[in-house]
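The exercises below concern salt bridges, a sheet with its helices, and nonpolar cores. Each task is followed by a solution in steps.

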Amino acid sequence: MIKSLANSIRVLANMDDPIGCILKRIELADGLILEKTSSPLGVLLIIFESRPDALVQIASLAVRSGNGLLLKGGKEAKRSNAILHKVITTAIPDTVGGKLIGLVTSRDEIPDLLKLDDVIDLVIPRGSSKLVSKIKSSTKIPVLGHADGICHVYVDKSASIEMAKRVVLDAKVDYPAACNAMETLLVHQDLVHSGGLNELIADLLTEGVTLFGGQRACKELNIPEAPTFHHEYNSMACTVEIVDDEHAAIDHIHQHGRHTCIVCGFTVFVFFLVDSAHTDCIVAEDHDVAEVFLRQVDRQELLTEYSQVMFLVIVICSAAVFHNASTRFCDGARFGLGAEVGISTSRIHARGPVGVEGLLTTRWILRGCGQVVNADQGVIYTHKDITM
């Protein structure tokens with residue numbers, strides 16, 4: 001663990017400075033140059049449960065991205081967090097200042113901190129869905145994170161069963177408590193007759209995985225019925241269901257969202273059904289089928305009418321979609337980000353594993369030589385991209 005954390009910090013330390021980078025340069029008019037640059041977000045409040053390694057990753061990312069940081073860890077790791085905080089702040093040069101990173105020790109301080117929307121720019125909760133939901137409902141500050149990690153693996157009829165067994169086992173067994181572990185296995189109906197389903201199930205049972213099923217899987221495999229498809233086990237257990245094809249698998253993923261948002265505009269009601277939106281995977285040798293899955297497990301819209309009222313239903317899912325690879329790869333270090341502050345399933349700002357880039361925003365810098373707008377009478381706009 002310590003060696004892995006040290007390697008993550010070295011990756012971050014060896015990165016080019018991400019702050020103040022010119023992302024785009026445009027000539028607006030003769031002698032008027034506009035630059036889009038990278039900039040820190042401001043002050044981050046990170047609330048995390050238990051794991052003290054999260055403190056090291058988050059603090060390193062905050063330093064690298066130039067953000068101020070308030071940390072509140074779980075009481076289970078209170079002493080470890082205090083020592084790690086001391087080590088990190090002592091190592092920060094005086095020119096930067098150890099006060100860049102603050103440690104909140106009392107749980108009672110959290111409600112007051114969540115009211116400081118004029119001081120804190122972003123809250124990132126890392127922990128159970130209960131924690132994340134509570135934070136989101138308790139603050140006006142933007143919240144980046146995910147409530148649930150219900151990751152699906154769909155095994156298509158074209159899949160290599162040997163490959164499928166490797167991917168499925170790793171996705172479930174490698175680290176069952178992780179948010180990127182498989183919670184639902186979807187299997188093409190043809191694999192029932194070919195024996196592929198039985199091979200997958202046999203391997204899971206051999207590894208000690210407890211199985212629950214949807215209606216079709218329960219009848220076929222004689223396993224207990226899952227009380228709901230929207231359940232994050234965080235343990236050696238998962239749900240299995242049999243589906244007709246890749247379209248049915250996509251529909252299954254889209255249908256089993258838990259969070260609903262309703263927006264009314266004129267005579268149209270817009271329903272947002274947001275699935276856990278974490279990571280979904282297809283195992284298939286048919287690349288056309290795989291492309292359908294990769295492209296469509298993201299957003300689905302349906303315009304329907306009921307009692308002369310129009311309803312637009314928008315289903316949003318999958319911050320990450322994989323083909324023939326375990327869901328466990330959805331991780332900041334494995335993505336080459338050095339470390340991650342967490343996984344974001346939001347559509348706004350960062351999405352997926354959030355590293356340094358996800359903790360930056362942009363600002364515009366305009367360089368001129370006395371130009372004025374004057375109702376655009378004296379300016380000839382060129383809007384030319386300047387090669388970086």
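## Exercise 1: Salt bridges

R328 and D174 form a salt bridge through their side chains, at 2.8 Å from N to O; a salt bridge here is a side-chain nitrogen of Lys or Arg within 4 Å of a carboxyl oxygen of Asp or Glu. The model is predicted: local features need pLDDT of at least 70, side-chain atom pairs count only at pLDDT 80 or more, and totals for chains, interfaces and linings use all residues. Residues are numbered from 1 along each chain as its sequence is written, and side-chain values use heavy atoms, with hydrogens and water left out.

**Solution.** 

Step 1. R328 is in the loop between β16 (320–323) and β17 (342–344), and D174 is in the loop between α6 and β8, so their bridge ties together parts 154 residues apart in sequence. Helices (H or I, at least four residues) and strands (E, at least two) are DSSP runs, numbered from the N terminus.

Step 2. R328 is buried at 8% relative accessibility, while D174 is partly exposed at 43%. Buried means under 20% relative accessible area, exposed over 50%, and partly exposed in between (1.4 Å probe, protein chains only).

Step 3. K172 bridges to E183, with 3.2 Å between the closest N and O atoms. K172 belongs to helix α6 (residues 161–173) and E183 to strand β8 (residues 182–188), so parts 11 residues apart in sequence are tied together. K172 has a relative accessible area of 0% and is buried; E183 is also buried, at 0%.

Step 4. R25 meets E35 at 3.1 Å, N to O. R25 is in strand β1 (residues 22–29) and E35 in strand β2 (residues 32–40), 10 residues apart. R25 is partly exposed at 22%, whereas E35 is buried at 6%.

Step 5. The count of salt bridges is 10. E162, K165, E199 and D203 are linked in a network of them.

## Exercise 2: The open sheet

**Task.** In the open sheet of four strands, what is the strand order, and which strands stand at the edges?

**Solution.** 

Step 1. The order is β5-β4-β3-β6, with parallel pairing; two strands pair if DSSP finds at least two bridges between them.

Step 2. β5 (101–103) and β6 (122–126) are the edge strands; each has a single partner, so one side of each lacks a neighbour in the sheet. Neighbouring strands are turned by 20° against each other on average, direction ignored.

Step 3. Strands β3 (residues 43–48) and β4 (residues 68–72) are joined by five bridges. I46 has L71 as its bridge partner in β4.

Step 4. Helix α2 (residues 53–65) packs on the sheet, touching β3, β4, β5 and β6, and its direction makes about 170° with that of β4. Contact means heavy atoms within 4.5 Å. Axes are lines fitted to C-alpha atoms, for helices over the stretch in contact, and angles run from 0 to 180 degrees between N-to-C directions.

Step 5. Helix α5 (residues 129–136) lies across β3 and β6, at about 160° to β6.

## Exercise 3: Nonpolar cores

**Task.** Which residues of the largest nonpolar core touch the most other members?

**Solution.** 

Step 1. A nonpolar core is a set of buried Ala, Val, Leu, Ile, Met, Phe, Trp, Tyr and Cys residues joined through side-chain atoms within 4.5 Å.

Step 2. The largest core has 33 residues, and V153, V155 and L185 touch the most other members. Helix α6 gives the most to this core, seven residues.

Step 3. A second, separate core of 25 residues includes L61, I101, A339 and V354.
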